[in-house]
Amino acid sequence: MNPALAGSIAWVLMVVGWYVIRYPYERRAKRRRVARTRRGPAESLRMAISLTGLGILPAIFVVTGWPEFARADPSWWRIALGLAAMALALVLFRKTHKALGKMWSVSLDIRESHELVTSGIYGRLRHPMYSAFWAMALAQALLVPNWIAGLAGLIGFGILFAARIGPEERMMEETFGDAYRAYRARTARIIPGIF
C-alpha cells in the first residue's frame with residue numbers, strides 16, 4: 001500500500017468514526033424541543049460551505065480521483081501526522097459529545113431547560129467541538145492526497161468558524177448572562193492557554 005491510498009482510507013475511517021460518535025447524540029437531540037434558535041439562511045450557507053470542504057470535495061476525490069491535476073504524492077511522515085490529527089479529532093469529538101449530552105445541537109440552538117455545560121472538556125475550552133473540527137480539517141489536509149480536496153476542509157470550516165463564533169458567544173451570553181461571562185473569562189476558545 002502506498003501513502004496516498006493509506007491517507008484516503010484513513011480519511012474515510014475518520015468520517016465513519018465521526019458519524020458513529022455523532023449519530024446517537026443527533027437522534028437524542030431531535031427529541032428535545034428547541035426554545036430559541038439562530039438557524040436561518042446565513043447559518044444554512046455556513047453549514048453548506050463547511051460540509052462542502054470537510055465532506056463533499058474530499059469524498060469526490062477519494063471516490064473518483066477528481067481533480068486529477070491537484071493530486072499530491074504524500075510521504076509516510078505526512079500520513080503519520082495526519083493519523084495523529086485524526087486521533088485527536090475523534091477523541092475531542094467523543095469528549096465533547098459526552099460532556100454536552102442532551103444539550104448537544106448541530107446548530108445555534110438553545111434547548112428547553114438548557115444548562116451551561118462547564119464540566120469535562122468544557123472545563124478548559126469553551127468550544128472543543130470547534131477544536132475537534134480544526135483537528136479534523138488538519139487531518140484531512142495531511143491525509144487526502146489532493147491539494148484542493150485536502151485543503152478544502154481548512155477553508156470550508158474556517159469560513160464557518162469565523163462567521164459563527166461571534167454569534168454563538170453572544171447567544172450564550174444572552175442566555176446565561178454573568179455565568180457565561182465568568183466562564184468565558186476563565187477558559188480559552190479552542191486551544192488551552194493560547195486562544
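This report describes the fold, surface and selected residues of a predicted model.

## Basis of the model

Local features are taken only where pLDDT is at least 70 and side-chain atom pairs only at pLDDT 80 or more, while totals for chains, interfaces and linings use all residues. Numbering starts from 1 along each chain as its sequence is written, and side-chain values use heavy atoms, with hydrogens and water left out.

## Overall fold

Six helices and two strands make up the secondary structure of the chain. Helices (H or I, at least four residues) and strands (E, at least two) are DSSP runs, numbered from the N terminus. Read from the N terminus, the order of elements is α-β-α-α-β-α-α-α. The radius of gyration of the chain is 17 Å, close to the 16 Å that the globule rule gives for 195 residues, so the chain is as compact as a globular protein of that length. That radius is taken over C-alpha atoms, and the globule rule is 2.2 Å times the number of residues to the power 0.38.

Along the principal axes, the C-alpha atoms occupy a box of roughly 55 × 35 × 30 Å. Among contacts in the chain with a separation of 6 or more, 83% are between residues 24 or more positions apart; a contact means heavy atoms within 4.5 Å.

## Burial, surface and charge

Of the 195 residues, 49% count as buried. Buried means under 20% relative accessible area, exposed means over 50%, and partly exposed lies in between (1.4 Å probe, protein chains only). The chain exposes about 10000 Å², of which carbon and sulfur atoms supply 65%. Accessible areas come from the Shrake-Rupley method with a 1.4 Å probe, and for residues only the protein chains shown count as cover.

There are 26 positive and 12 negative side chains, and the centres of the two sets are 5 Å apart. Lys and Arg count as positive and Asp and Glu as negative, with His and the chain ends not counted. Each charge is placed at NZ of Lys, CZ of Arg, CG of Asp or CD of Glu.

## Helix H4

Helix H4 covers residues 128-143, has 16 residues and reaches 22 Å from its first C-alpha to its last, close to the 22 Å expected at 1.5 Å a residue. The expected span is 1.5 Å times one less than the number of residues in the helix. In H4, 14 of the 16 residues are buried, so this helix is largely enclosed by the rest of the structure.

## Backbone features in loops

Tryptophan 66 and proline 67 are joined by a cis peptide bond, with omega at about 0°. Proline 67 belongs to the loop between helix H2 (41-64) and helix H3 (76-100).

Serine 113 has a phi near 55°, a positive value in a residue other than glycine. This serine sits in the loop between strand S2 (109-111) and H4. Serine 113 is exposed, at a relative accessible area of 64%.

Not counting residues up to four places away in sequence, arginine 71 touches Phe61, Gly65, Pro145, Asn146 and Trp147. Proline 3 is in helix H1 (residues 3-31) and is buried, with a relative accessible area of 15%. Its C-alpha is separated by 6.6 Å from that of isoleucine 79, 76 residues apart along the chain. Beyond neighbours within four places in sequence, proline 3 is in contact with Pro74, Ser75, Trp76 and Ile79.

Tryptophan 104, in the loop between H3 and S2, is buried with a relative accessible area of 2%. Tryptophan 104 and glutamate 26 are 78 residues apart in sequence and 7.8 Å apart from C-alpha to C-alpha. Residues up to four places away aside, the contacts of tryptophan 104 are Arg22, Tyr25, Glu26, Ala29, His97, Arg111 and Met129. Alanine 84 is in helix H3 and counts as partly exposed at 47% relative accessibility. Alanine 84 and alanine 162 are 78 residues apart in sequence, with 25 Å between their C-alpha atoms.
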